[in-house]
Amino acid sequence: MLHGDLVLLRTAVEADIPALVRIRSTAAVLGRWPLADESLEAELAADVAGQDGVEFLAVVVGGAVVGAVQWAAEDDPMYRHAGIDIYLDPAVHGRGIGTDAVRTLARHLVRELGHHRLVIDPAADNEPAIRCYAKVGFKPVGVMRQYERAEDGTWHDGLLMDLLADELT
């Protein structure tokens with residue numbers, strides 16, 4: 001368990017799936033995290049079960065699951081770093097919860113696991129997410145053109161951001 005100022009990050013469990021399905025089903029989240037599996041329940045069950053070296057954590061505020069954050073590491077010594085992804089219930093947007101969750105995980109990855117560099121890749125037009133990550137110390141690296149495909153089949157740009165250990169705020 002990782003404790004932030006506002007959040008608790010803990011390993012997600014099967015009992016979290018209904019809350020995460022509800023959150024992922026909101027238009028705001030589904031628009032940024034489209035369905036990748038045949039069903040949202042199946043996709044989240046796979047996330048909770050752990051897959052491909054991705055650590056999947058529930059974001060908890062006041063005892064309630066309000067989202068999820070995940071991370072994965074590139075362990076090749078020449079390129080070692082960790083990448084982060086997060087989504088939150090739109091009902092808690094604008095309250096500093098995302099910033100606290102990202103900062104809490106970033107501190108763990110840097111201080112306890114020894115990563116010197118972290119990356120995150122919001123959609124280039126996701127200004128609230130970009131502001132959130134910048135508050136933690138992430139800096140834009142560049143635009144990845146036509147980086148991700150939306151449910152309607154169109155391609156959207158992504159913004160690669162990174163954070164070096166000594167830039168963590």
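This is a predicted model: local features need pLDDT of at least 70, side-chain atom pairs count only at pLDDT 80 or more; totals for chains, interfaces and linings use all residues.
Me: Is Asp89 buried or exposed?
Reply: Residues are numbered from 1 along each chain as its sequence is written, and side-chain values use heavy atoms, with hydrogens and water left out. Buried means under 20% relative accessible area, exposed over 50%, and partly exposed in between (1.4 Å probe, protein chains only). With a relative accessibility of 9%, Asp89 is therefore buried.

Me: Which residue forms a salt bridge with Asp89?
Reply: A salt bridge here is a side-chain nitrogen of Lys or Arg within 4 Å of a carboxyl oxygen of Asp or Glu. For Asp89, the closest N and O atoms of the pair are 2.9 Å apart, and the partner is Arg22.

Me: Where do the two residues of that pair lie, and how many residues apart are they?
Reply: Helices (H or I, at least four residues) and strands (E, at least two) are DSSP runs, numbered from the N terminus. Arg22 sits in helix H1 (residues 17–24), while Asp89 is in the loop between strand S5 (81–88) and H4. The pair links distant parts of the chain, 67 residues apart.

Me: Why is H4 described as largely enclosed by the rest of the structure?
Reply: Helix H4 covers residues 97–112. It is largely enclosed because, of its 16 residues, the number buried is 13.

Note on methods
The expected span of a helix is 1.5 Å times one less than its number of residues.
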